[in-house]
Amino acid sequence: MRILTTLLALALACAAPLAGAAAPLKLEHAIELRAQAVSSPVIANGKLYIGAEDGNLYAFDLASRKVAWLYHAGAGIGSTPAVAEGTIYVLARDGRLHAVDAQTGVLRWEFATQGEARFAAYGLYGSGKKAAPTTDPWDFWLSSPVVGDGRVYFGSSDERLYALDAKTGIVQWAFKSGGMIHAAPALSGKTLVFGSWDGAVYALDAGSGKQLWRYQTETEQKTSTLFGVQAPPLVDGDTVYIGSRDAYFYALDLASGKMKWRYNGKGSWVISGAVADARHVYFGTSDTNLLVGLEKRTGQPLFEHDTKVWTYATPVLAGGTVYGASMRGELFALDAANGRLQWAWRTPESLADDFGLLDAKSGKFDSKRLFEGPQSMLASIEHVKRLGAFISTPAWHDGQLIAVTADGRILFFR
């Protein structure tokens with residue numbers, strides 16, 4: 001078991017300030033969850049909430065950084081919590097959505113979907129003829145809830161988008177899509193937008209569940225590699241920004257669903273969510289290893305920063321800085337206006353790289369080491385997680401950057 005004082009001592013040496021850049025952040029504190037985590041940290045009412053794969057939903061007091069309470073969901077938590085009106089909502093891998101008192105951690109109600117699972121397909125990634133579908137190792141998340149107008153909305157592996165009464169958990173309506181729904185929906189006014197593993201982006205009337213429009217991204221079904229919408233949408237003004245595993249990032253009209261423009265990811269999935277300021281939108285890519293800044297109106301590139309490896313976590317905007325988090329255990333800060341690197345930090349495990357996953361010269365993953373050995377792809381991803389990979393999205397709160405590693409550490413930077 002790691003010793004936190006040793007971790008802190010090592011990690012402080014891993015920050016890389018750059019000449020002429022803004023003052024770098026420093027690691028102040030770390031908390032061991034002792035369980036893997038893909039859930040992103042959420043902050044409300046002086047507490048930090050985070051779900052873990054051991055089934056625990058944690059509430060930490062932000063001032064003391066001590067556990068205020070924990071709630072055991074009975075199964076791993078693959079979604080990010082939503083907090084509203086004194087209740088915290090979270091979806092567990094056994095298909096139950098839990099509504100928990102945000103102050104005490106006491107269960108208020110729970111609702112069961114028809115089941116949660118990873119995406120799987122025959123012939124996935126060229127896996128050939130098999131008796132059963134191949135499970136997708138990159139399908140990390142369950143749908144994270146969003147709350148509004150007295151309802152909690154979330155998607156499910158049973159292909160439905162649910163609207164429940166936020167106080168009682170009673171179903172208000174359920175919309176059947178054409179595929180699993182593992183991304184968080186976005187609520188804008190009376191419109192609910194989400195993506196599905198059928199490769200489509202849907203807009204529904206939030207009150208009735210009636211479909212307003214459906215936009216179909218491209219689908220490649222021979223190996224199901226460039227197929228499906230895993231990214232959460234960002235609704236900004238009259239535009240929906242969303243990435244797809246078809247290797248494009250889209251700007252869609254919120255009212256009609258018509259495409260305004262799309263960014264060509266050159267064969268790379270866009271799984272990251274997006275953030276936007278007044279003029280630009282920012283997101284990460286997978287195989288092209290980029291954090292991208294685009295002009296919101298036209299989709300023209302502002303910058304394409306090389307992250308070396310897959311970037312699935314949604315970036316964070318704070319002032320004029322974009323904070324990113326990558327799968328090699330790196331946090332970094334870019335000037336939002338031009339993409340210039342201001343600060344970078346890597347986990348001690350990433351720098352040590354005991355399993356030899358990273359190429360010493362390029363800093364990128366060694367694909368032969370990861371994928372051409374006797375181990376399965378799922379096993380290879382477990383090795384990546386042990387680098388302190390960032391899969392969940394960091395949070396910015398009160399001058400702090402708070403990030404959670406896939407192997408279960410909450411890191412506080414200031």
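A: Two strands are counted as a pair when DSSP finds at least two bridges between them. The model described here is a predicted one, and by this criterion S2 and strand S35 (residues 409-413) are paired, in the antiparallel sense and over 5 bridges. Within that pairing, Ala-30 has Leu-411 of S35 standing opposite.

The pair belongs to an open sheet of 4 strands, whose order is S2-S35-S34-S33 and whose pairing is antiparallel. Its edges are taken by strand S2 (27-32) and strand S33 (395-397), and because each of these has a single partner strand, one side of each is left without a neighbour in the sheet. From one strand to the next, the twist averages 20 degrees. In general terms, strands of a sheet pair through backbone hydrogen bonds, and do so either parallel or antiparallel.

Strand S23 (residues 248-253) runs antiparallel to S24 and is joined to S24 by 5 bridges, with Tyr-250 standing opposite Arg-262 in S24.

Strand S9 (residues 96-101) can be followed through two hairpins. On one side, strand S8 (residues 87-91) runs antiparallel to S9 and is joined to S9 by 5 bridges, and Tyr-89 stands opposite Ala-99 in S9. The hairpin formed by S8 and S9 has 4 residues between the strands, and Gly-95 in its turn has a positive phi of about 90 degrees. S9 also pairs with strand S10 (residues 107-112), in the antiparallel sense and over 5 bridges, and there His-98 stands opposite Glu-110 in S10. These two strands form a hairpin with 5 residues between them, where Gly-105 in the turn has a positive phi of about 80 degrees. S9 itself is mostly covered, since 5 of its 6 residues are buried, that is, under 20% relative accessible area.

At least two lining residues each come from strand S3 (42-44), strand S7 (82-84), strand S13 (146-148), strand S17 (186-188), strand S25 (274-276) and strand S29 (316-318); S7 gives the most, with 3 residues. By residue class, the lining of the largest pocket divides into 32 nonpolar and 9 polar residues, with no charged ones.

Asp-149 lies in the loop between S13 and strand S14 (151-155). Exposed means over 50% relative accessible area, and Asp-149 counts as exposed because its relative accessibility is 52%. Apart from neighbours within four places in sequence, Asp-149 is in contact with Gly-189 and Lys-190. By contrast, Leu-357 is 208 residues from Asp-149 along the chain, and the C-alpha atoms of the two are separated by 47 Å.

Conventions: Residues are numbered from 1 along each chain as its sequence is written. This is a predicted model: local features need pLDDT of at least 70, side-chain atom pairs count only at pLDDT 80 or more; totals for chains, interfaces and linings use all residues. Side-chain values use heavy atoms; hydrogens and water are left out. Axes are lines fitted to C-alpha atoms, for helices over the stretch in contact, and angles run from 0 to 180 degrees between N-to-C directions. Buried means under 20% relative accessible area, exposed over 50%, partly exposed in between (1.4 Å probe, protein chains only). Ala, Val, Leu, Ile, Met, Phe, Trp, Tyr, Cys and Pro count as nonpolar, Asp, Glu, Lys and Arg as charged, and the others, Gly among them, as polar. Contact means heavy atoms within 4.5 Å.
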